[in-house]
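Let's walk through this protein together, starting with its overall build and ending at a pocket. Keep the model open beside you as you read.

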Amino acid sequence: MMDQIKPELESSMNKALENLKYQMTKVRTGRASASVLDGVSVDYYGTATPVNQVGQVSTPEARLLQIQPFDKNMIADIEKAIMGANLGLTPSNDGNLIRIPFPALTEDRRKEQVREIKKYAEEARIAIRNSRRDQNEVVKKSEKDKEISEDDSKKFQSEVQTITDKYIKQVDEVMSAKENELMAV
């Protein structure tokens with residue numbers, strides 16, 4: 001029975017962890033990162049297209065992001081899309097390139113972002129605990145229906161808890177790494 005539960009449990013917990021990692025890429029540190037633009041789309045001939053598909057995104061300096069549009073006519077649209085995304089960044093263009101300077105983070109802004117990180121981590125922990133609860137209910141139902149013994153039920157629940165603890169630890173590690181990155185800038 002555990003070989004049926006374990007893949008499903010690990011899959012749902014892994015999704016929560018991957019979502020947390022994705023959310024962490026959106027949190028802006030003082031360093032320039034192209035992943036900040038992941039959610040930004042530009043209207044490219046009637047189609048919403050990600051910024052990284054309408055231009056080459058690079059980081060020539062630690063605090064500067066640069067976009068070289070493939071089509072020079074798209075500069076204004078790209079700039080407008082970045083402004084509309086409410087990233088807290090102000091792009092500027094010189095007719096050929098769009099430059100996005102990343103200002104140094106203030107202490108207040110860092111603390112605010114640490115709170116945001118902790119919120120994302122707690123959401124991931126809740127999702128993981130919900131997966132644990134769901135699988136424990138499956139085990140308890142199997143015990144109630146006499147499909148497994150009480151001892152097997154306790155053993156399976158213990159294994160589910162072990163897997164849960166492993167994923168909670170990974171969430172804490174991801175959160176801690178991002179928090180250290182933010183506070184070290």
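Predicted model: local features only at pLDDT ≥ 70, side-chain atom pairs only at ≥ 80, totals over all residues.

Starting at the N terminus, their order is α-β-β-β-β-α-β-β-α-α.

Now zoom out to the overall form. The C-alpha atoms occupy a box of roughly 75 × 40 × 20 Å along the principal axes. The radius of gyration is 22 Å, whereas a compact globule of 185 residues would have one near 16 Å.

How do the residues sit within that outline? Of the 185 residues, 37% count as buried, meaning that their relative accessible area is under 20%. The accessible surface comes to about 10,600 Å², and carbon and sulfur atoms make up 47% of that area. As for contacts between residues with a separation of 6 or more, 67% of them join residues 24 or more positions apart.

Finally, let's visit the largest pocket. Rolling a probe the size of a water molecule over the atoms shows where empty space is left. The largest pocket holds about 240 Å³ of space. Its lining consists of 15 residues, and Lys26, Val27, Val36, Asn86 and Leu87 are the ones nearest its centre. Which element gives the most to this lining? That is helix H3, residues 107-144, with 4 residues.

Key: Residues numbered from 1 in each chain as written. Heavy atoms only, no water. 1 Å grid on protein atoms, 1.4 Å probe; cavity = no way out; pocket = protein on both sides within 12 Å on 5 of 7 lines; lining within 4 Å. Points joined across faces, edges and corners; volume = space filled by probe spheres on them. Helix = DSSP H or I, 4+ residues; strand = E, 2+ residues; numbered from the N terminus. Rg over C-alpha atoms; globule rule 2.2 N^0.38 Å. Buried < 20%, exposed > 50% of the residue type's maximum accessible area, 1.4 Å probe, protein only. Contact = heavy atoms within 4.5 Å. Areas by Shrake-Rupley, 256 points an atom, 1.4 Å probe, with all protein chains shown as cover.
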